[in-house]
There are 2 protein chains.
Amino acid sequence: MASLSREAFPPAVSIMPGSQRASRSVVVDLIAVLAAVTAGAPRVMTVAKGSALPSGPFELAHRSLQQGLRDWVEQQTHHPLGYVEQLYTFADKDRADADTAPRTISISYLGLTREHDAAEAGWHSWYEYFPWEDHRAGPPPVIAKVLAPALAAWAEAAPTAGMRSERRLRAAATFALDGARWNEELTLQRYEMLYEAGIVAERLRREGHSEEGGAGRPMIADHRRILATGIARLRAKIKYRPVVFELMPPTFTLLQLQRCVEAIAGRTLHKQNFRRLMEQQELVEETGGTTSESLGRPAKLFRFRHAVVEERALAGTKLPLAPT
Amino acid sequence: MASLSREAFPPAVSIMPGSQRASRSVVVDLIAVLAAVTAGAPRVMTVAKGSALPSGPFELAHRSLQQGLRDWVEQQTHHPLGYVEQLYTFADKDRADADTAPRTISISYLGLTREHDAAEAGWHSWYEYFPWEDHRAGPPPVIAKVLAPALAAWAEAAPTAGMRSERRLRAAATFALDGARWNEELTLQRYEMLYEAGIVAERLRREGHSEEGGAGRPMIADHRRILATGIARLRAKIKYRPVVFELMPPTFTLLQLQRCVEAIAGRTLHKQNFRRLMEQQELVEETGGTTSESLGRPAKLFRFRHAVVEERALAGTKLPLAPT
DNA sequence: GTGCTTATGCTCAGTATAAGCATATGCCAG
DNA sequence: CTGGCATATGCTTATACTGAGCATAAGCAC
């Protein structure tokens, strides 16, 4: 997590051919995927009536990109930004014919912030943009009703038999179409497949077609893809780093914590096992207090044990290590 | 793995303050961490006598950054690049006083290529740069002899008792100083800690001190940090994605495969368990042939089962899912 | 054949995970 | 003040996965 500042940079060792430097103007943007979980829904901060992620020019960055982003977000939202991580840098040529236009490089970041007022402007649920990603109440109907048939048609439209079967296999594995297990981490792959198959408005728009029939709410340019990248990253990260706590208030019940994870993962968890996991990993400790906001027996309040971050070097092996 | 090309980008929605665009010139570099495993050592492609990673200006990129990098590498090395992934984008201000100098953005990539002639120019073992990272023959002496004392001194030099104890804890966990388990994935954290503690030449150089006493072979600018990022990423990735095979010849024995993983991870594995893991995951299949290059019973030859990549959506849960 | 070397097969115990049962503790209606 | 309801929390069982080691197989050198 510690980040060294970049030191003086000597003339780059350019072995690559045709090293004509800085030949054309380059524009650098920052794009933020800002996430919070409120009222049981994972939300993302948007602008332009929910059609774009907040972005801005690079120059604002203070010491570092990360710090610039953090300052800006905290100023805008008045909520401290708990966790920031770089997502991806996009720099593909916009179009073949755009030789004269400046080339744009977009550096995207994922940021986590705490729960806040659910009605605050600009925050939208992830699942407006990706309705097929929320499996908390079972597989969403849109998959069987819209996506599966469209993906099947896309597979059949492939030129060769080999490609057809490969597409069928890939679609089935990615969307859990046959009995396969749903894998919530494949958010980006799913969006990319829908894009490839022409089932999202962004692709239809690009091809000059009507945007009718696109699944989920679209965004400007490739912002929805960037959001998918952020969701996928967060869904993966939550499993091996204690980042959920960045989304929680200082104290919380285990059920609240579970609901937060469920909102992000888009699936329901086994209550008792979740609680066992939290306890045995010693990620939380009781505050002593209890809450009785809802019906039923009052729940104990917990807080995150910041200490574990230092104590343990976290993360585990998956390799069959030899005894040392 | 599929990558959509970025589409036409409308005027960015700039909510950030002070949106004066393209105010100052920006230089964009690509930096490659190119890895291969030959003769039992993980190697990285370098230039300038091993003191820098290959880099070049951004303009060369063809359709996309990734494709540009791939073309360039294949042209240079005459070896196909198996796997390419973006590592990180560095864009911190070089120095406070560099207001007039162009700001440099470096986009780094990790690329894997197959085994080739061990003596080929430019390829150096990772462990020249990070001697403390190779634990295949037990913990390297440099840790106990050089790093541990220096880290202890660094911890004691902290101003408050709280910071001292925090540094001690962190150093112990990161370098497995007390009985703690070595975690090979912490390569980047370890390098950053050594930098912070002033035990690497890059830091000494920056502070205007003699570079004497720096641990491991240094590199230009922050190239060694980028290499550490690449190593850490590869060590983590190897555990949940079948990327090792990008480093192997088309057919191989299980022991060769194991040696390759060991070289990357910097630790030895349990032979039988490694073999069981490979078989139960169905990542490989027998070719029918055998080899008898060394002593002992000839080993069966295997090849990678490309099919699994499509069949399975890979990666697994770590959440206590509720029965659906 | 004997002995050396590596390959390959199999076992056993310890630990983690999935799933479900049982009990505790509050509130509320009557 | 009692029974019903709702949630919290504790505990058990079967199964899968892992770490570690033993045992056997199949080549080669002598």
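Biologist: In this predicted model, what makes helix α3 of chain B roughly antiparallel to helix α4 of chain B?

Modeller: Helix α3 (residues 141-156) and helix α4 (residues 161-175) of chain B pack at an angle of about 160°, with their axes 8 Å apart. Angles over 145 degrees count as roughly antiparallel, and therefore α3(B) is described as roughly antiparallel to α4(B).

Biologist: Which residues make the contact between α3(B) and α4(B), and how many of them are nonpolar, polar or charged?

Modeller: From α3(B) come L147(B), L151(B), W154(B), A155(B) and E156(B), while α4(B) contributes R164(B), R167(B), R168(B), R170(B), A171(B) and F175(B). Sorted by class, the contact of α3(B) with α4(B) has 6 nonpolar residues, no polar residues and 5 charged residues. The crossing of these helices, α3(B) and α4(B), is right-handed.

Biologist: Turning to chain A, why is E166(A) called partly exposed?

Modeller: Its relative accessible area is 24%, and since buried means under 20% and exposed means over 50%, with partly exposed in between, E166(A) is therefore called partly exposed. This residue, E166(A), lies in helix α4 (residues 161-175) of chain A, and E166(A) and A155(A) are 8.1 Å apart in space, C-alpha to C-alpha, although 11 residues apart in sequence.

Biologist: What makes β7 and β8 of chain B edge strands?

Modeller: The open sheet of 3 strands in chain B has the order β7-β9-β8, with antiparallel pairing. Each of β7 (251-252) and β8 (284-291) pairs on one side only, and these are the edge strands. Strand β8(B) is joined by 5 bridges to β9 (residues 299-304) of chain B, running antiparallel, and E286(B) stands opposite F302(B) in β9(B).

Note on methods. Residues numbered from 1 in each chain as written. Chains lettered and ligands numbered in written order. Predicted model: local features only at pLDDT ≥ 70, side-chain atom pairs only at ≥ 80, totals over all residues. Heavy atoms only, no water. Pairing = 2+ DSSP bridges. Helix = DSSP H or I, 4+ residues; strand = E, 2+ residues; numbered from the N terminus. Axes fitted to C-alpha atoms, helices over the stretch in contact; angles between N-to-C directions. Parallel < 35°, antiparallel > 145°, perpendicular 65-115°, else oblique. Left-handed = near helix turned anticlockwise from the far one by under 90°. Contact = heavy atoms within 4.5 Å. Nonpolar A, V, L, I, M, F, W, Y, C, P; charged D, E, K, R; others polar. Buried < 20%, exposed > 50% of the residue type's maximum accessible area, 1.4 Å probe, protein only.
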